[in-house]
Amino acid sequence: AAAETDKGLPPGRFAHLVDACNAWYRDPANAKYRTEHDDEYCQCLGENLQNVMTTEEEYYYANDFGRRFRDQILQPKKNTTDPEWPRLHPPIEDCGQ
């Protein structure tokens with residue numbers, strides 16, 4: 001839990017996208033989306049966006065991973081309304097899934 005918090009951020013569950021991603025895929029409600037490579041996939045997302053997102057952006061997307069990140073940033077351009085898609089999507093294209 002200590003690795004998932006940052007005293008400089010407002011109260012929330014996750015400070016890092018990789019932690020939010022792993023939690024989302026491990027949630028029984030999302031079992032139909034699980035694959036055998038989820039841990040590696042989440043690690044790739046976190047690493048590829050490390051120098052692209054600000055701390056505040058990472059916190060924003062991590063604390064509503066399913067709705068803000070998976071359903072927006074991970075989707076094809078035609079399926080998203082997030083204005084940050086052009087900047088945040090390209091670095092994650094090589095992560096697969």
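The model discussed here is a predicted one, and in it Thr81 belongs to the loop that runs between H4 and H5. Along the sequence Thr81 and Asp71 are separated by 10 residues, while in space their C-alpha atoms are 9.9 Å apart.

## The chain as a whole

The protein chain contains 5 helices and 0 strands, so that its pattern, read along the sequence, is α-α-α-α-α. Of its 97 residues, 40% count as buried. When contacts between residues at least 6 apart in sequence are considered, 53% of them join residues at least 24 apart.

## Helix H3 and its packing against H4

Helix H3 covers residues 55–62 and helix H4 covers residues 65–73, and the two pack with their axes 6 Å apart at an angle of about 100 degrees. Because of that angle, H3 counts as roughly perpendicular to H4. On the H3 side the contact is made by Tyr60, Tyr61 and Ala62, and on the H4 side by Phe65, Arg68, Phe69 and Ile73. By class, the residues of this contact comprise 6 nonpolar, no polar and 1 charged.

Within H3, the buried residues are Glu57, Glu58, Tyr59, Tyr61 and Ala62. The elements that cover these buried residues of H3 include helix H1 (17–26), H4 and helix H5 (85–88).

## Helix H1 against H4

H4 also packs with H1, here at an angle of about 95 degrees and with the axes 11 Å apart. This angle means that H1, too, is roughly perpendicular to H4. The residues of H1 that take part are Leu17, Ala20, Cys21, Trp24 and Tyr25, and they meet Phe65, Gly66, Phe69 and Arg70 in H4. The contact of H1 with H4 divides into 7 nonpolar residues, 1 polar and 1 charged.

## Aromatic rings

A pair of aromatic rings is described by how far apart the centres are and by the angle between the planes. Rings of Phe, Tyr and Trp are taken as a pair if their centres lie within 6.5 Å, and by this rule the count comes to 7 aromatic pairs. One of them joins Trp24 and Tyr25, whose rings are 4.9 Å apart centre to centre with 85 degrees between the planes, an edge-to-face arrangement. Both Trp24 and Tyr25 are buried.

Another edge-to-face pair is formed by Tyr61 and Phe69, with 6.0 Å from centre to centre and 75 degrees between the planes. Tyr61 has 2% relative accessibility and so counts as buried, and Phe69 is likewise buried because its relative accessible area is 0%. Ring pairs link these residues into a cluster made up of Trp24, Tyr25, Tyr33, Tyr41, Tyr60, Tyr61, Phe65 and Phe69.

## Arginines over the rings

How values were computed:
Residues are numbered from 1 along each chain as its sequence is written. This is a predicted model: local features need pLDDT of at least 70, side-chain atom pairs count only at pLDDT 80 or more; totals for chains, interfaces and linings use all residues. Side-chain values use heavy atoms; hydrogens and water are left out. Rings of Phe, Tyr and Trp (its six-membered ring) pair if their centres lie within 6.5 Å; planes under 30 degrees apart count as stacked, over 60 as edge-to-face and the rest as tilted. Buried means under 20% relative accessible area, exposed over 50%, partly exposed in between (1.4 Å probe, protein chains only). Axes are lines fitted to C-alpha atoms, for helices over the stretch in contact, and angles run from 0 to 180 degrees between N-to-C directions. Helices (H or I, at least four residues) and strands (E, at least two) are DSSP runs, numbered from the N terminus. Angles under 35 degrees count as roughly parallel, over 145 as roughly antiparallel, 65 to 115 as roughly perpendicular and the rest as oblique. Contact means heavy atoms within 4.5 Å. Ala, Val, Leu, Ile, Met, Phe, Trp, Tyr, Cys and Pro count as nonpolar, Asp, Glu, Lys and Arg as charged, and the others, Gly among them, as polar.
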